[in-house]
Amino acid sequence: MRKTATGPALAALAAAQFLVVLGNSIVNVALPQIREGAGLTDGGTTWVVNAYGLVFGALLLAGGRAADLLGHRRVLLGGLAVSGAASAVAGLASSAGLLIAARAVQGMGAAAVAPAALAVVMGLFPPGPGRGKALGVWGAVSGAGGAAGVLLGGLLAQVWGWRALFFAVAAGTFTVLAAVAASVPRSAERGSGRFDLLGTVTVTLSLTGLVWGLATAREQGWTDPRVLGALAGALVFGVLFVLAERRHPDPLVPPRLFQGGRVAAANTLMALFGSVWIALFFFLPLYQQEVLGEGPLLTGLGQLPLAGAIMLGSALSPRITTRIGASRALPAALLVEAAGLLWLSRISADGSYLADVLGPSVLIGLGLSVAFVRLTDLSMDRVAKADSGTAGGLVNTTRQVGGAVGLAVLATLAGSLTTRSSLPHLQALTDGYRAAFAVSAAVLLTTAALAAHLTRTTRTPERNHEMRTIDETAPVIVRLSTTIDAPLERVWALHTGIEAWPTWNGDIDSAVLDGPVEPGGSFRWSTHGLDITSTVYEVVPGERIVWGGPASGIDGVHVWTFTADGDRVTVRTEESWAGAPVDAAAEHLGQALRQSLESWLAALKDRAEQPA
């Protein structure tokens, strides 16, 4: 069986995530053209944006669970097909109703794409340096998608008209679909259990009511009967969802998702983080256009430094995390982003892009990107492969809901200050935006303090100071090593990708993980006619993994260590066998173990050194 080339697969998956973000942000600067060309009212124009965001946010949990049950790759391809087709229909729409309906269906496809793509990434890259780099790419495209949408939207609308926006997204989506089909390996695995229909319906209605109510409150006010009714309905359906989850044998959000890891903390922090993220991409272009007087294209070009900073920060995130530690990286990144927003809170009505926007945009981009990468990683902490789609849907949902709440509150704040002001219009607008940026900074400062507490009190120690070692008194001990001319992340991913062992190690007939590769986890594997269940004792990503346990009366402990030197890795293995069968035939079993480990190291070296 051929080796999976993770580079092309990651590129295709990252492009899928980029399109999810782009599909929402690309229409913002072209709304005046869309309104005129499609014959929309002012209220209908807002629904070109809201229809996508509303359906996307409401169906993320269902999309994630469907991916776990039906297969991550399968749901990803289906979501891309639906989203691409809907975008093409939006470009061809001749009526306001068809355009808004197409945008809603586009959001439905995106709700399947986002969690499924993240789940595939988590499956391709086990914990370690490789996953850190993959999430860096993920953070770059997720953050840059908002800025790129403003730029591409302005450019396409100005040169070819508003329909070109949707045709461009459709063409990109079908291109990515083909790339995913070609580069992401097939998997016959499907999750067990039943789809929680009642939970899906109640949570979808609850999220729909919440997001719709918050979006409407920005325009009609918080006392509008429709707003109050939507928020009340969201509360009622939310309660029904909780009650339904308690009774269902396979709930939409299984409680095991929050046991042992940092998923709950990550989602709490992501909601706060998202409340600022969405608002930033709403208020910053408004300031550039309404106060500084920039056109759509110039506004889009002004987002390039922000996008570049996001991409740079995402690329540096693994190194920063390694240098200062995972528990410090997140609070530090949030503080950097907060500093940038405090800087933005000093904008002036007679300011300029260079004096008021450029500097803080770079600072915000650097902090935002690192924080997003760390939060995404935390949201998948100790999540089993069978639940990775659900976890991906959950973290995307909390970001969307947090964004809806934050934008509604901040827009209300900014709007009320502007309306009540007796100052000239541009000054009043600027004061409203300044207040929104200042409150956003305060939210991030709070989030940073909360992150420092939650990651300190709930994290798993990064190193086990009482490291598990072999039994030095055992009758059989074998120590071997080899040097592999391949990057550490490739070697580590191969060695810890337990279920793929039979594809490159001919001595192993089968291997099945019973959970994530973490201390306390276990896996079942078959070699030379023996069925073995091993327990993972210790994992230091990219450096060390230890497993062992009894099998056929033999108590084994197996220690693997990895030392990188540039693009070369020295792999050392030592294993001890003890027990009655070993006492009776120590010499024979010692030779068998040595041959087995020599074969293992040779197979690992051969596969790792093959061209990607």
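Author: The account below turns to the aromatic rings and then to a pair of helices. The model is a predicted one, and it holds 17 aromatic pairs. A pair of aromatic rings is described by the distance of the centres and the angle of the planes. For W162 and F166, the ring centres are 6.1 Å apart and the planes stand at 85°; since planes over 60 degrees apart count as edge-to-face, this pair is therefore edge-to-face. W162 and F166 are both buried.

Another edge-to-face pair is formed by F283 and F437, with 6.4 Å from centre to centre and 75° between the planes. This pair links distant parts of the chain, 154 residues apart: F283 belongs to helix α10 (residues 263–291), and F437 to helix α16 (residues 425–458). Both F283 and F437 are buried.

A ring may also face a charge. The charged end of R399 sits over the ring of W277, at 4.7 Å from the ring centre.

Ring pairs also join W501, F523, W525, W547, W560 and W600 into a cluster. Helix α17 (residues 488–496) packs against helix α19 (residues 586–608) at an angle of about 130°, and their axes are 10 Å apart. Because of that angle, α17 is oblique to α19. The crossing in which α17 passes α19 is right-handed.

Terms used
Residues numbered from 1 in each chain as written. Predicted model: local features only at pLDDT ≥ 70, side-chain atom pairs only at ≥ 80, totals over all residues. Heavy atoms only, no water. Phe/Tyr/Trp six-rings, centres within 6.5 Å; stacked < 30°, edge-to-face > 60°. Buried < 20%, exposed > 50% of the residue type's maximum accessible area, 1.4 Å probe, protein only. Helix = DSSP H or I, 4+ residues; strand = E, 2+ residues; numbered from the N terminus. Lys NZ or Arg CZ within 6 Å of the ring centre and 35° of its normal. Axes fitted to C-alpha atoms, helices over the stretch in contact; angles between N-to-C directions. Parallel < 35°, antiparallel > 145°, perpendicular 65-115°, else oblique. Left-handed = near helix turned anticlockwise from the far one by under 90°.
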